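Colleague: I would like to go through this model with you. Please show it first.

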Amino acid sequence: MRNNIEAIRKAHGIHQEELAKAMEVSRQTISSLENGRYNPSIVLAYKLAKYFDTTIEELFIFEEESL
Amino acid sequence: MNNARRMIVNVIWVLLGIGLIIGTKIGGLDSIYFGFGSGMAFVGLFLLIRDIFYKTNDEYREKTDVAIKDERNRYIRQKSWAWVGYIATIGSGVATLIFMVLSLKDYMLITSYITCFLLLAYCIIYFILSKKY
């Protein structure tokens, strides 16, 4: 699933390490999320959206073909 | 299992290992138990040292907690175990066929029992989990 996490994170001037700490996950998880190798759980997706004060739909781009 | 309980278990492993080593030297146990005992004592000691380090070092504790609870790591662990299950089941099935072709009846029986056990275990676990979730 494509997402805008990297762009939004950089717009806020936050490093991956910092975001990982805030989300209580490893930096590798954030890296894998950003390059689309890993899809987060609904809980992590919600926490990310809340952290950036946005919605899950703004963060993640759901495409029918990606299923 | 919390850290204190893990430390107790590791101390038990070390003591059991030492007991086996002493048993082979004094009690006349078979020498193979020396190997078991050495392995148990060494692994128990290594894990005990790691648990003490976990208890005393805040940075290591935080890093370990994150690594264990991290959802991606959990996903990878589950996927890895699933693949081990696939490989074990298919492997034992293939081994059964090979032993059958080679007319090694005893080995074929053992691997066929293992295959059946793995398939049965899968069915039971699937049933239990389908009721739970």
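Some questions and answers on the model follow.

Modeller: This is a predicted model, where local features need pLDDT of at least 70, side-chain atom pairs count only at pLDDT 80 or more, and totals for chains, interfaces and linings use all residues. Residues are numbered from 1 along each chain as its sequence is written, chains are lettered from A and ligands numbered from 1 in the order in which they are written, and side-chain values use heavy atoms, without hydrogens and water.

Colleague: How are α2 and α3 of chain B oriented to each other?

Modeller: Helix α2 (residues 32-56) and helix α3 (residues 58-69) of chain B pack with axes 5 Å apart, at an angle of about 105°. Axes are lines fitted to C-alpha atoms, for helices over the stretch in contact, and angles run from 0 to 180 degrees between N-to-C directions. Angles of 65 to 115 degrees count as roughly perpendicular. Therefore α2(B) and α3(B) are roughly perpendicular.

Colleague: Which residues of α3(B) make the contact?

Modeller: Contact means heavy atoms within 4.5 Å. From α2(B) come B:Arg50, B:Phe53, B:Tyr54, B:Lys55 and B:Thr56. The partners in α3(B) are B:Asp58, B:Tyr60, B:Arg61, B:Thr64 and B:Asp65.

Colleague: Which residue forms a salt bridge with A:Glu6?

Modeller: A salt bridge is a side-chain nitrogen of Lys or Arg within 4 Å of a carboxyl oxygen of Asp or Glu. In this pair the closest N and O atoms are 2.9 Å apart. Both residues lie in helix α1 (residues 5-11) of chain A, four residues apart. The partner of A:Glu6 is A:Lys10.

Colleague: How many salt bridges does the structure hold?

Modeller: The count runs over all chains. The total is six.

Technical notes: Helices (H or I, at least four residues) and strands (E, at least two) are DSSP runs, numbered from the N terminus. Angles under 35 degrees count as roughly parallel, over 145 as roughly antiparallel, 65 to 115 as roughly perpendicular and the rest as oblique.
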